Amino acid sequence: MLYVPTDDRDLVSFAKDMVEQCRVSVGMRTAYCRLMNAITETGRFDGTRSLINMLYMHLSRKAEHIFSPVELKFSLDFDREYPKSILDRAAVVAKQLTRHWDKTNADFLFGEGVFESLKYGACLFKQWAQVEGSNQTPNYYSKLVMPWQFGVYNESENELSRQPAMVETVSLTGPEVWRRICHLPDHKKLYDRIMANARSGNAVSTPQTFFHQILSTSQINTGVTQNTRPLPGGIVQLGNDPNYSIMGPQVAADMVEWHEAWVQDFDDYTTIHFVEPDVIVAPYGKKTNLLGIKNANPYTLIQMNSVTNWFWGRSELVDILAPQDLLATWLDDAKRLFGLQIDKFIAYVGEGGLSEEIYAAARMNGYMNAQQGSQVVDLTPKFPPEMQPMIEFLIKMINILSGFPEIMRGQGEQGVRSGEHASVLMKTASPQLRGEALKAERQCAVAADLTLQLKEAKDGSNYWTKADTLQDIEKTSFKIGDLPGDWRVTVDSHSSSPIFADENTQMIVGGHKMGIVGGEYVIDNLPFPDKDTAKAAYREKEKKQQEFMQKLMQQNPEVADKVLTKQLTGGGKR
């Protein structure tokens with residue numbers, strides 16, 4: 001807990017201290033992220049492209065296995081027991097939350113965050129609501145905050161909620177600054193003060209991403225290639241040649257550094273917006289949590305490989321960087337040797353009058369005359385028969401180290417003779433993926449919980465649980481804030497990860513056959529297209545079936561009893 005001063009001078013000094021303390025390791029982490037990105041893109045430590053790069057594909061495959069929003073579905077749980085009317089409301093709110101993530105592409109953005117967290121060790125998912133337009137309707141936004149844009153007060157604390165302070169630093173253009181301050185009094189004067197410190201986007205000292213230029217005349221080298229000497233006649237450029245294997249954004253517009261600090265004050269977070277060197281944008285008038293939710297901040301930490309007492313975690317690539325670099329070296333050797341099999345190195349024994357001109361002409365013509373008794377000796381190194389098996393072995397080891405043995409990649413295993421045996425091997429090979437998928441699911445649920453808190457605070461819309469008639473709508477109408485306060489959001493049926501998909505499908509189908517769950521539950525929890533239409537058709541079918549059974553009971557009770565018995569027992573005998 002920190003005390004945020006209210007005096008303007010003290011607040012400027014406090015904001016500078018927070019920025020400096022929270023961003024103490026940004027330089028080191030930016031260099032690390034730059035290196036990890038260069039290796040991921042090229043497959044080498046030196047920034048040159050490898051013939052085969054398995055790193056990017058590994059990250060993509062791992063991210064899709066542990067989080068895929070194809071059938072992402074949320075549900076609401078309560079700590080206490082409530083009547084069915086409350087549970088029906090919770091189901092409606094969970095459906096709206098799922099659709100909100102789908103409409104705003106928050107599900108895909110969170111999936112990108114999982115990918116980035118695997119690459120760098122951590123990534124943050126930020127959400128906020130902003131009232132805009134003449135009708136003052138809330139709009140909901142989300143974005144990813146990368147590690148080099150973020151800093152925390154105590155890096156030995158893993159939990160984000162326990163950090164006394166955190167700072168996000170971004171580079172904003174003039175229009176982006178205006179959008180943030182246009183609702184404030186004296187916004188024109190404030191805008192002029194802020195933009196007086198603006199510089200070209202190519203000259204901002206702390207860029208929004210590590211791709212941006214730092215010096216006005218040189219671009220950050222996202223690889224790690226060595227500097228080249230200036231050409232004779234003077235210095236032509238001050239930096240390295242661009243590494244075209246890795247491209248990044250360049251911004252020519254004037255930009256400013258905008259620091260957004262979230263500080264835990266006595267009873268709530270205080271949001272500080274600070275533009276160097278001395279411009280305070282928020283708090284304006286009084287200390288405020290700009291998220292609008294008490295004791296909450298807008299960030300959710302996405303991290304698959306946590307490290308005890310180290311907030312930033314561990315990159316997924318650490319264990320396979322050296323094997324990938326060795327694979328790149330071996331492939332270069334194989335390419336060189338294979339090329340020599342075509343352009344051979346030959347010695348002519350006993351051929352005294354052979355010059356370079358004669359040899360070149362012979363190579364062009366394809367033949368030459370040789371003296372009697374001369375001999376042609378092929379000195380070309382042979383392509384070693386061990387080369388291909390060793391490359392295949394190294395690729396196999398990379399897959400094993402990355403958690404994807406052959407059985408997890410859809411390939412056969414020696415000794416597997418049945419589908420049941422393969423299923424057992426797949427389950428025993430996937431505990432690591434299952435654990436990471438559950439971790440991603442929990443973090444996704446935390447992010448969705450914050451989304452619902454935002455909607456509860458900002459959304460005054462009415463929802464209803466029954467819509468057969470207008471009277472039903474009016475009778476069952478409610479707002480999100482009418483739900484009991486002990487709700488929490490969960491990811492329903494592990495729907496965020498495909499690694500659980502088959503198990504869930506079999507469980508739901510089995511439960512329906514046993515009569516444990518009904519048809520609407522099956523439609524909700526399996527990937528049916530146009531679920532609302534399917535449920536409406538199912539209700540109509542159930543209604544007609546009930547009418548038919550009522551008539552049958554009146555006309556032929558014995559037949560009706562047999563039909564009901566068959567339905568209840570699944571076709572078995574009493």
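This is a predicted model: local features need pLDDT of at least 70, side-chain atom pairs count only at pLDDT 80 or more; totals for chains, interfaces and linings use all residues.
Residues are numbered from 1 along each chain as its sequence is written, and side-chain values use heavy atoms, with hydrogens and water left out.

The protein contains 17 helices and 13 strands, where helices (H or I, at least four residues) and strands (E, at least two) are DSSP runs numbered from the N terminus. Of its 574 residues, 41% are buried; here buried means under 20% relative accessible area, exposed means over 50%, and partly exposed lies in between, with a 1.4 Å probe and protein chains only. The accessible surface comes to about 32500 Å², and 54% of this surface belongs to carbon and sulfur atoms; such areas come from the Shrake-Rupley method with a 1.4 Å probe, and for residues only the protein chains shown count as cover. Among contacts (heavy atoms within 4.5 Å) between residues at least 6 apart in sequence, 68% join residues at least 24 apart.

Helix α4 covers residues 84-103, and its 20 residues should span 28 Å at 1.5 Å a residue, which agrees with the 28 Å between its end C-alpha atoms; the expected span is 1.5 Å times one less than the number of residues. The buried residues of α4 are I86, A90, V92, V93, A94, L97, T98, H100 and W101. An α-helix has 3.6 residues a turn, so residues three or four places apart point the same way. Just after α4, N105 takes a positive phi of about 60°.

A nonpolar core is a set of buried Ala, Val, Leu, Ile, Met, Phe, Trp, Tyr and Cys residues joined through side-chain atoms within 4.5 Å. The largest such core has 61 residues, and those with the most contacts inside it are F74, L76, W101, F110, V114 and F125. Helix α12 (residues 431-458) supplies the largest share of this core, with 8 residues. When residues up to four places away in sequence are not counted, L76 touches A90, V93, A94, L452, L483, W487, R488 and V489. Another core, of 20 residues, lies apart from the largest one, and A122, A129, V152 and Y269 are among its members.

Side chains of opposite charge can pair when their charged atoms come close. A salt bridge is defined as a side-chain nitrogen of Lys or Arg within 4 Å of a carboxyl oxygen of Asp or Glu, and a search of the whole structure finds 19 of them. In one of these, E316 pairs with K62, the closest N and O atoms being 2.4 Å apart. E316 lies in the loop between β10 (299-302) and α8 (321-342), whereas K62 lies in helix α3 (residues 55-66), so the pair ties together parts that are 254 residues apart in sequence. E316 is buried, with a relative accessible area of 10%, and K62 is also buried, with a value of 0%.

A further salt bridge joins K287 and D265 at 2.9 Å, N to O. This pair links distant parts of the chain, with K287 in the loop between β9 (279-282) and β10 and D265 in the loop between β7 (254-264) and β8 (269-275), 22 residues apart. K287 is partly exposed at 30% relative accessibility, while D265 is buried at 7%. The side chains of E157 and R162 also meet in a salt bridge, at 3.9 Å from N to O, and R162 counts as exposed at 58% relative accessibility.

Some backbone features remain to be described. The peptide bond from E276 to P277 is cis, with omega near 10°, and P277 is placed in the loop between β8 and β9. The bond from A282 to P283 is likewise cis, with omega near 5°, and P283 is found in the loop between β9 and β10. N295, in the loop between β9 and β10, has a phi near 60°, a positive value in a residue other than glycine.
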